Amino acid sequence: MANHHLRDKSLSLKAKGLLSQMLSLPEEWDYTLQGLAYINREQIDAIRQAVHELERAGYIVRVRERDSRGRLRGAEYTIYEQPQSVSALPALD
């Protein structure tokens, strides 16, 4: 894992730690808020807050998945070691 995000002064310590943890997990890991909360002391709200911070900074892209009826059924995460240009990322659902 690159350490670029660890030197990013715009990120909170919580976001840096969560991103480090996410980068260390296997690709098939359950990257849902519940899955991340399961392996951490923080509750889902704290995990959600850190994920949103990382999205705004361009380190995470989250695409909501919907079933055939249009109901939300999860999300697919793309995690980057370095921030992507936020203007080039797809709009959040």
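Two strands count as paired if DSSP finds at least two bridges between them. In this predicted model, strand β1 (residues 60-66) and strand β2 (residues 72-79) are joined by seven bridges, and the two strands run antiparallel. Together β1 and β2 make a hairpin, with five residues lying between them. Within the turn sits G70, whose phi is positive, at about 85°. R66 has L72 of β2 standing opposite.

A look at helix α1 comes next. This helix covers residues 13-24, and Q21 is part of it. Leaving aside residues up to four places away in sequence, Q21 touches I39 and N40. With N40 there is also a polar contact between the two side chains, at 2.9 Å.

The largest pocket has a volume of about 240 Å³. It is lined by 15 residues, and the closest to the pocket's centre are L33, Q34, R62, A75 and Y77. Elements that contribute two or more residues to this lining are α2 (33-38), α3 (44-57), β1 and β2. Which element gives the largest share of the lining? That element is β2, with five residues. Sorted by class, the lining of the largest pocket holds seven nonpolar residues, four polar ones and four charged ones.

Note on methods:
Residues numbered from 1 in each chain as written. Predicted model: local features only at pLDDT ≥ 70, side-chain atom pairs only at ≥ 80, totals over all residues. Heavy atoms only, no water. Helix = DSSP H or I, 4+ residues; strand = E, 2+ residues; numbered from the N terminus. Polar contact = N/O pair within 3.5 Å; in protein donor to acceptor, adjacent residues only side chain to side chain. Contact = heavy atoms within 4.5 Å. 1 Å grid on protein atoms, 1.4 Å probe; cavity = no way out; pocket = protein on both sides within 12 Å on 5 of 7 lines; lining within 4 Å. Points joined across faces, edges and corners; volume = space filled by probe spheres on them. Nonpolar A, V, L, I, M, F, W, Y, C, P; charged D, E, K, R; others polar.
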